[in-house]
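Visitor: I would like to go through this model with you. Could we start with the overall make-up and then turn to the details?
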Amino acid sequence: MTSEKKPGKTARYGMMIDVDRCTGCGACMVACAVENNIPPAHDGADDRNGITWIRVFQVDNGQDYPNRRSAFVPVLCQQCGKDAPCVAVCPQQAVQVDPATGIVGQMPERCLGCRYCMAACPYHARYFNWWDPAWPAGMEKTLNPDVAPRMRGVVEKCNFCHGRWHAAKQLAAADGHAIEAVDYVPACVEACPTGAIRFGDLNQPESAPAQAAKNGNCFRLLEKIGTEPKIYYRSKKDWVRQIASAPKPGQIAPKLAGKETSRG
Amino acid sequence: MDKQYIARGVKRCSTARFLLWIAPWLALLAFGLYSAGLCLVKGLNQTNMDNRFAFGLWIFLDLTVIALGAGAFFTGFLLYILKLKELSAVINSAVVIGLVCYSGAIAVLAVDVGQPLRFWFTFWYPNVHSMLTEVTFCISCYLTVLAIEYLPILLRNRKLRQVPSFLVFEHELHKLVYVLAGVGTFLSFFHQGSLGGLYGVLRGRPFAFREGFLVWPSTFFLFIISAAAVGPSFILLTTWLVEKISRKRLVRPEVLQLLGRISGLLLAVYVLAKTVDTLIWINRTSPDAGFPAAQYYAWKPFGTWILFAEIVLFGMIPALVMLTPRLRRRTGWLVSAAAMACLGVALNRFVLTVQTLALPTLAFDKFLSYWPSWQETGTFLAVVAYGVLVYSVSFRYLQLFPEERELKAEVQQEQEELRVMAGRY
C-alpha cells in the first residue's frame, strides 16, 4: 500500500495463503470466531452444520509411508471478483459487492434464509444459522461490540472482518485520509503464527496478493469456473497445486482425501 | 346428512364412509402439521439439511408438485386459447389439482426458509437478476389466479347456488375465464422456466450449469416443456385414479386418450431437447468449466443409469406409448405411460436438486449423502394429505367432472339394455 493512493480510489481486497507455511493449528478459525461473534457450537452440531467462516482442510498426497505428505488448506469466502455466484441468485439483494473494496458482503438483516446462495457457492464458504446463537453464561461478556451477532435462520460468511474495516475507516477519516488496505488486517491474518495468510489490495502491485497473482506457484480454487476469486494460494509442491482443479473420482480424489483438521 | 350440498344427478358415498376415507388423511395432516410446527418453532435444526445440503426433500417436492400441477395452466391454455373443447371435461379437476399443488408448494416453502416472516422482503427488495425472484413473483400471482379460477367451481355448489348474488358473481367471474387462462399461461411459462433456471444459472455447480439463450439457461426451456408434457399426464392419472376409487365413469375414454396424445407429443419434444442439451453439456459446457462430465457419474450411486432412466425409460418409452394409437386406446398402457412420465419428471427434479448438491466441487471435497429427518418427511406427507383432502372434498361437493351426470345416465341406460337383453334370452 502506498501513501500516494488517492482518497476514494477503489480497492480490491484479497489474500494470499501460503499453504506450505500453514501448520493447520486452527488459530485463524478461533480468531475469526472470536472476532465475529460466532457462537459456540450447539449440542448436536457437526462439521456440516456448524459455523466457521474459515475452515482448515487437511489434504494429503495419497502415498503410503514414508512418501506420505500432508498439507493444510484454509478455505474461506473466496471473495469472487467476477459474477460472484451468490450475488446474482439472492432474491432480495442480501448479498452485495462493495464497489469500494470488492468485498462480497452478506446482510443477515435482510436475509430470508432460503439458502440459494449456499447452493450456488462452489467453495462451500457460506453458513446457515441452524440454531439460535447462544453463549454460555458469562461468555457473552467476550462479545465483540463492533459486530452484531446473527439470528437463527439466516446465512453468514467471511466479510474480511467488516467490523475491523469499519473501525479502521473511522480512524482514517479522523486522520483526514481514506482507508488503505494496510490500515487493518482481518483477525485470521493477525492470528496466524507462521504468517501464512497475508492481506492486501490487489490493485496495489506490491501487495502480497497482487504479487501472488503473478507467481507461478500460486493458484486459485476452481479458476475455470470464471469467478475470479481474490484468495490466492501458494505452494511449491505440484500435488498441492492440483487441488485447485475439480475432483476426479478414482484418480485424484483418493489421493487428496480431504478431511477437516481436528483443531477446528 | 350432507345431501343438500351434493350436486343433483350424481351419486356420492354416505357421509360415514366419506369420513372414514378422510380420517387417515386427517391424521397424516395432523402429524405433518406437528412436524412443520417443530421446524417453525425450534428451527431448521429439526431437519437433516446442513450447510452443504442446503436444499433437500422439500425443494425436490416443490419442483415436482409444481411440474405436476402444470396441468392446470396447460389444460386451460388448450381449452380456452387453442379451443380443444373436449378438455372441458377435466378443466375443473385440473384447476383443483393446480391449486393444491401450488398452495402446497408455497406452504412447504414457508417452512423451508429460515425467516418466513421476511417473505415480503422479496417483493420489497427484489433482485431482478435472481431466478428465485421471478419464481416468487410468478408463483404468488399464479396462485391468486388459481384461487380466482377455483371460485366459480366452488360457487357452483348446489347449496351456494341458492344465494343469488353468488350466482351472479360466479357468472361474471366465468366471463373472465379466457383472460385468466391467458394470464395463467403467461405466469406459468415464466415460473416453470425460472424453476429450471434456478439450477441452470449456478455457475459454481457445473453439474447443473447450462448455457442458454440471453439470460435464460437451457434448463429454463426444458422445465417449461417437461412441465407442459407431464401436466396432462398427471391429470390423466388422477382422473383414472378417482374413477377407480369412486367406481364411477367421470370422463369419456376419448378425453383420456387426448390427454395422453398431447402429453406424448410434448414428451417427445422434451426428450429430443433434453438429448441435445445433454450432448452440448457433456461435450462443451462442463469440460469448459474444468469438469469432464463423465466424472459426475463415477460417484455412486449416481451412475449413467440415471441419465438412461431420465431420457429413455421415463421419457422416450412413455412418449412412444402415448403416441401409438393402438396402445393409447388400452387404458392399462395409457395410465402406465402417464405414470412413467410423471416419475420421469420427478427423477429429473431429484437429479437437479439432490445430485447437484451431493457431487463435490473441490478436489478435497467429499461426496455427500443426505437422508431427510422424520420432521421433513412429516411435512412432506402433510402436503400429500392436504392435497388428497382438498381434492376429496372438492370431488364430493363440487362438479369437478361436468360429464359425470351424462355418463351416469348412459351407464344406467347400458345396464338397462343389458338387463332387457338378459331377460329376453
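Guide: Chain B contains 15 helices and 2 strands; helices (H or I, at least four residues) and strands (E, at least two) are DSSP runs, numbered from the N terminus. This is a predicted model, in which local features need pLDDT of at least 70 and side-chain atom pairs count only at pLDDT 80 or more, while totals for chains, interfaces and linings use all residues. Residues are numbered from 1 along each chain as its sequence is written, and chains are lettered from A and ligands numbered from 1 in the order in which they are written.

Visitor: How compact is chain B, going by its radius of gyration?
Guide: Its radius of gyration is 23 Å, close to the 22 Å that the globule rule gives for 425 residues, so chain B is as compact as a globular protein of that length. The radius is taken over C-alpha atoms, and the rule is 2.2 Å times the number of residues to the power 0.38. Along the principal axes, the C-alpha trace of chain B spans about 80 × 50 × 40 Å.

Visitor: What percentage of chain B counts as buried?
Guide: Of its 425 residues, 48% count as buried. A residue is buried if 20 or more other C-beta atoms lie within 10 Å of its own, exposed if 12 or fewer, and partly exposed in between, with C-beta atoms placed from the backbone.

Visitor: Which residues of helix H3 of chain B are buried?
Guide: Helix H3 (residues 71–81) of chain B has 10 of its 11 residues buried. Among them are Gly71(B), Phe73(B), Phe74(B), Phe77(B) and Tyr80(B).

Visitor: And what do the buried residues of H3(B) pack against?
Guide: They pack against helix H4 (91–112), H6, helix H8 (177–200), helix H9 (218–246) and helix H10 (253–288) of chain B. Just after H3(B), Lys83(B) takes a positive phi of about 60 degrees.

Visitor: At what angle do H1 and H14 of chain B pack?
Guide: Helix H1 (residues 15–42) and helix H14 (residues 374–397) of chain B pack at an angle of about 145 degrees, with their axes 7 Å apart. Axes are lines fitted to C-alpha atoms, for helices over the stretch in contact, and angles run from 0 to 180 degrees between N-to-C directions.

Visitor: What kinds of residue make up the contact of H1(B) with H14(B)?
Guide: The contact of H1(B) with H14(B) divides into 20 nonpolar, 6 polar and 1 charged. Here Ala, Val, Leu, Ile, Met, Phe, Trp, Tyr, Cys and Pro count as nonpolar, Asp, Glu, Lys and Arg as charged, and the others, Gly among them, as polar.

Visitor: Switching topic: how many residues of chain B are in contact with chain A?
Guide: On chain B there are 41 residues in contact with 52 residues of chain A. Two residues are in contact if their C-beta atoms, placed from the backbone, lie within 7 Å. Helix H5 (121–124) and helix H6 (131–155) of chain B each supply at least two residues of the side that touches chain A. The largest share, 3 residues, comes from H6(B). By class, this side of chain B has 19 nonpolar, 15 polar and 7 charged residues.

Visitor: What is the strand order of the open sheet in chain A?
Guide: The order of its 4 strands is S8-S1-S10-S9, with mixed pairing. Strand S8 (197–201) and strand S9 (218–219) of chain A stand at the edges, each with a single partner strand, so one side of each is left without a neighbour in the sheet. Two strands pair if DSSP finds at least two bridges between them.

Visitor: In which sense does S1(A) pair with S8(A), and in which sense with S10(A)?
Guide: Strand S1 (residues 13–18) of chain A pairs with S8(A) in the antiparallel sense over 5 bridges, and S1(A) pairs with S10(A) in the parallel sense over 4 bridges. Met15(A) has Phe199(A) as its bridge partner in S8(A) and Ile231(A) as its bridge partner in S10(A).

Visitor: Which residues lie on the two sides of S10(A)?
Guide: Ile231(A) and Tyr233(A) are on one side of strand S10 (residues 231–234) of chain A, and Tyr232(A) and Arg234(A) are on the other; all are buried.

Visitor: Finally, where is Pro301(B) found?
Guide: Pro301(B) is in the loop between H10 and helix H11 (305–323) of chain B. A cis peptide bond joins Lys300(B) and Pro301(B), with omega about 10 degrees.
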